[in-house]
Amino acid sequence: MGAKIVRILLILLAIFIMAYYLPSFYQKSVEKRPYKTMIYFSEVTHDFIIAKESGDTLNRQAEMHYYDAKGNEIPEKEYMKLLPFNNTRKLKLMGEMPDSLNGIELNNKILKSVRRSILIAEPFYSLALNPLFESQPERIGVQLPDDVFRINKHGIEFLNCESNRIEQEKSKKFNQPLIEKGFSFPAKGIYGIPSTIKLKDDGYFIVDNSNRLFHLKMIKGEPFCKEIKFNGTIKNIKCHSSGDLFCHIFDDNNQIYVLTREYELHKIPVENPNGRFFVTSNYFYNTYKVNDKDKSTLYVLSPEYKLIAKHTETIDHYSHSKEAEIERSIFPFKIMRTPGLAHFIPIPNPVKDFYILNLICAGIFIIIKLIRRRKIWLPVNVADFTIILLTGIYGFIGVWIFPNRK
Amino acid sequence: MILHLFYKEWIKTRWAFLGALIIGICIVFYIFIMVENRMTMLGAKNYTLSVLYDNPPVIYYSLLQYIPLLTAICIGISQYIPEVKNKRIRLTLHLPMNNQKLIACMALFGLLLITVSNGIIFVLFEWKNQLLFPAEVTRPVTVTIINWFIASYLAYNYIAMTALEPNGYRQLLYAITGLILLSLYFNNINFHGAYKDSAPVLAIIALVSCPLVLFSGYRLNKGER
């Protein structure tokens with residue numbers, strides 16, 4: 001009896017491995033590169049421009065086609081002229097870069113103010129130890145201090161990197177303003193740019209135990225602490241080292257806010273945010289792109305973060321392909337790991353059309369048992385049958401790899 | 001009888017166990033000699049920042065990754081392979097003891113030896129680590145290395161199961177299954193605290209693999225081909 005139970009364990013381990021590897025092998029072997037669809041907003045026409053990739057199945061080449069908001073195709077050169085901030089280098093080489101736009105001279109400062117970044121609502125791992133830089137140093141640049149700080153239930157503590165001991169005096173000095181501002185220890189999150197590769201330091205944005213937001217920095221060796229009013233629970237903060245923004249703030253609904261250097265908070269009017277944004281900003285517009293599985297939406301905002309326009313395009317994705325449909329009818333579930341993070345995620349098949357294959361596998365199992373004149377109502381066969389019925393192709397392979405012997 | 005059996009297993013495995021343990025202890029000292037050297041050469045603050053915020057951060061303990069696995073392989077091979085190859089296992093199975101219990105005791109002894117070796121290496125590593133780094137670093141590092149120690153139990157169980165299996169085709173299947181399962185424990189980690197969320201699943205897999213050796217023992221005892 002013991003051996004039979006152990007055999008079942010062996011089959012379950014095999015099912016685990018198959019659910020981890022087989023769907024991934026299948027997808028990698030049949031998946032085709034999706035054709036790109038990109039949405040831009042022209043600073044020249046103040047309207048959308050769509051770039052779509054289309055393929056030629058004969059010579060297997062893909063090429064980009066450009067369309068204006070009305071759906072009229074435009075030549076590539078025209079497309080570049082309509083987006084001078086995206087194609088600055090090429091336009092300059094072609095001698096087609098305009099000197100001014102909308103009555104504003106396109107000088108180096110304006111051209112260099114273009115920013116592109118990806119904002120992700122899920123907080124990246126952090127060890128909650130950060131160096132507090134001098135924000136107004138005598139020399140230009142950012143100098144690395146000899147200590148790192150943490151904020152636990154005892155308050156803020158500076159740890160000397162060399163001795164691994166707490167610097168009592170400095171800790172006490174920085175603890176005082178936090179206590180005065182009513183900071184509730186320990187900190188839930190500390191967000192900043194803990195790197196010396198930046199022009200100037202803006203300190204850290206800290207969420208306390210009562211979900212209040214504080215700005216902490218060191219000015220000429222002295223602590224600077226300011227509370228920032230924020231309604232809601234903060235999930236993540238992405239800080240910026242330059243430009244007119246301190247940071248982007250995500251709340252627990254993935255709603256996004258910007259905090260300007262004047263401590264003004266603006267809510268970005270994005271519908272159904274999924275926690276991933278592609279942000280582009282220049283002198284004239286801020287754009288936020290949200291990609292879902294089947295569509296991409298571009299929100300265009302004024303420099304004051306007021307909504308000007310939005311446009312949605314359907315996009316190509318593996319989950320809509322025929323191959324994905326076949327995958328869903330083969331595998332009842334799959335197990336994945338997040339890239340790099342080594343977390344297992346069991347993913348049940350959302351479209352329950354795998355049951356046909358499960359029934360076929362279970363049927364084949366019974367037929368083979370009957371042909372071999374085995375008693376199918378024996379507990380061991382009933383257990384095998386149940387495993388196949390529940391796990392489909394995985395269980396079928398597992399049961400036949402590790403057959404039951406008398 | 002069990003103590004006598006343990007003594008027999010100890011005679012088979014002692015040199016492999018001691019050899020692997022000494023290598024493990026040397027590696028732990030080597031890791032921290034390297035850390036202290038880097039702190040001296042680069043400055044403690046720069047090195048600490050590299051450990052905390054480089055992308056990917058400095059995984060100073062990566063050498064430790066395969067040490068528990070090495071221990072498991074050394075103990076597993078020395079305990080089972082010569083005995084099975086020379087067919088002396090048949091003599092063992094004729095000892096006045098229930099065969100399943102006997103195989104379980106053999107496996108238990110192997111697991112105990114691995115636990116002793118893992119325990120010594122783990123405690124030594126943790127002690128040195130907390131002297132040099134704050135608790136915020138030590139805690140996630142511990143989460144990561146624990147999974148490497150858990151992997152040693154899975155490796156040992158699969159070695160024992162494969163070695164005792166009388167059928168060559170099944171041996172190959174077990175070895176492949178074991179290798180694929182082991183690969184889950186040795187991802188290319190790029191941050192401290194990796195495996196945090198998958199640790200319970202990995203621990204359950206290792207636990208489930210513990211009785212597998214009984215299946216091979218049962219088939220061997222029955223004289224399956």
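Me: Which domains does the domain assignment give for chain A?
Reply: Domain 1 (2–31 + 324–401), domain 2 (37–114) and domain 3 (118–266); such bounds come from an automatic or database domain assignment. This is a predicted model, in which local features need pLDDT of at least 70, side-chain atom pairs count only at pLDDT 80 or more, and totals for chains, interfaces and linings use all residues. Residues are numbered from 1 along each chain as its sequence is written, while chains are lettered from A and ligands numbered from 1 in the order in which they are written.

Me: What makes α1(A) a helix with the expected span?
Reply: Helices are DSSP runs (H or I, at least four residues), numbered from the N terminus. The expected span is 1.5 Å times one less than the number of residues. With 29 residues, α1(A) reaches 42 Å from its first C-alpha to its last, close to the 42 Å expected.

Me: Where does α1(A) bend?
Reply: At A:Met18, by about 30°. That is the angle between axes fitted to the seven residues ending there and the seven starting there.

Me: What counts as contact between chain A and chain B?
Reply: Two residues are in contact if their C-beta atoms, placed from the backbone, lie within 7 Å. The contact takes 34 residues from chain A and 38 residues from chain B. On the side of chain A that touches chain B, α1(A) gives the most, with ten residues.

Terms used:
Helices (H or I, at least four residues) and strands (E, at least two) are DSSP runs, numbered from the N terminus.
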